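Subject: Structure handover

Hi,

Here is the structure I promised to pass on. Please open it beside this email and follow along.

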Amino acid sequence: MSLEIDWKKNFYGISWAYEKDRLVISTVFEDKKEAISIAKEIEDWSDKFTRLTIIEKENDEFAICCYQDPQISKNDSHLGLFRTGMRQSGGYEQAKPMIKEKSPLLQIAYAADVRDMNTYEQISRLVPMRKCRIISEKDLKKQEYYYEKTANS
């Protein structure tokens with residue numbers, strides 16, 4: 001059984017929301033079929049083994065990396081979400097204290113027009129993150145961030 005993760009990197013970006021007293025990170029896809037397919041996969045993720053890592057980069061950007069630990073996962077396919085190049089000086093600055101306080105929830109969303117919030121549609125359930133970390137890009141050298149490093153390369 002392979003422990004490699006199939007990184008899905010082609011989502012538009014993320015949007016921040018607040019629901020059930022927790023921050024929600026919605027990964028926004030412009031392709032509805034792909035959003036549905038990924039939503040089906042993460043519906044089976046174990047709440048105990050789901051990881052979210054935010055990688056802060058030096059140039060005012062950040063990356064988001066989310067996956068279920070493949071060493072523990074019962075699924076044959078190992079899917080992960082990764083997106084880089086997002087600005088820290090946007091909604092992230094407001095979300096960061098909430099992320100530190102309590103692990104956020106993850107959700108897959110679809111937007112017919114990413115510029116129009118009225119076209120956003122929730123595709124998946126709210127998936128709790130067992131482990132949520134905010135790290136510096138320099139931390140990717142550490143073995144504990146092996147999967148984040150593979151996604152980032």
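Below is what turned up, taken from the sheet to the helices and then to single residues.

Please keep in mind that this is a predicted model.

**The sheet**

Start with the open sheet. It has 5 strands, in the order β1-β6-β5-β4-β10, and the pairing is mixed. Which strands stand at the edges? They are β1 and β10 (131–136). Each has a single partner strand, so one side of each is left without a neighbour in the sheet. From one strand to the next, the twist averages 20°.

Now walk across it, pair by pair.

- β1 and β6: parallel, with 3 bridges. D6 has L79 in β6 as its bridge partner.
- β6 and β5: antiparallel, with 6 bridges. Strand β5 covers residues 61–68. Here C66 stands opposite L81 of β6.
- β5 and β4: antiparallel, with 7 bridges. Strand β4 covers residues 50–56. R51 is paired with Y67 in β5.
- β4 and β10: parallel, with 6 bridges. R51 stands opposite K131 in β10.

**Strand β4**

Look at β4 by itself. How many of its 7 residues are buried? The count is 7 of the 7, so β4 is largely enclosed by the rest of the structure. Its residues point two ways. T50, L52, I54 and E56 go one way, while R51, T53 and I55 go the other. Both sets are buried.

Leave aside the neighbours within four places in sequence, and I55 is in contact with E61, F62, A63, F82, I135, S136, E137, L140 and E148. Pick out I135 from that list. I55 and I135 are 80 residues apart in sequence, yet their C-alpha atoms are 5.1 Å apart in space.

β4 and β5 form a hairpin with 4 residues between the strands. D60 lies in the loop between them. Its phi is near 65°, a positive value in a residue other than glycine. Why point that out? Because most residues other than glycine have a negative phi. Is D60 buried or partly exposed? At 26% relative accessibility, D60 counts as partly exposed.

**The helices**

Helix α1 runs over residues 32–43, which is 12 residues. From first C-alpha to last, α1 reaches 16 Å, close to the 16 Å expected at 1.5 Å a residue.

Where do the buried residues of α1 sit? First, the names: E34, A35, I38, A39, E41 and I42 are buried. Seen down the axis of α1, the buried residues fall within an arc of 160°, so they line one face of the helix. The face turned away from that buried side carries the exposed residues K33 and K40.

The buried residues of α1 pack against several strands. These are β1 (6–8), β3 (22–29), β6 (79–87), β7 (105–111) and β9 (127–128). α1 lies across β1 and β6, and it runs at about 120° to β6.

Helix α2 (residues 91–101) packs on the sheet too. It touches β4, β5, β6 and β10. The direction of α2 makes about 130° with that of β10.

One detail sits at the start of α1. There, a side-chain oxygen of D31 comes within 3.0 Å of the backbone nitrogen of K33.

**A polar residue inside**

Last stop: Q107, in strand β7. Q107 has a relative accessible area of 4%, so it is buried. What does the side chain of Q107 join in a polar contact? It joins the side chain of Q122, at 3.5 Å. Apart from neighbours within four places in sequence, Q107 is in contact with V24, I25, S26, T27, Q122, S124, R125 and L126.

**Where to look**

1. D60, with its positive phi near 65° in the hairpin of β4 and β5.
2. Q107, with its 3.5 Å polar contact to Q122.

Best wishes

Definitions and conventions: Residues numbered from 1 in each chain as written. Predicted model: local features only at pLDDT ≥ 70, side-chain atom pairs only at ≥ 80, totals over all residues. Heavy atoms only, no water. Helix = DSSP H or I, 4+ residues; strand = E, 2+ residues; numbered from the N terminus. Expected span 1.5 Å × (residues − 1). Buried < 20%, exposed > 50% of the residue type's maximum accessible area, 1.4 Å probe, protein only. Arc of directions from axis to C-beta. Contact = heavy atoms within 4.5 Å. Polar contact = N/O pair within 3.5 Å; in protein donor to acceptor, adjacent residues only side chain to side chain. Pairing = 2+ DSSP bridges. Axes fitted to C-alpha atoms, helices over the stretch in contact; angles between N-to-C directions.
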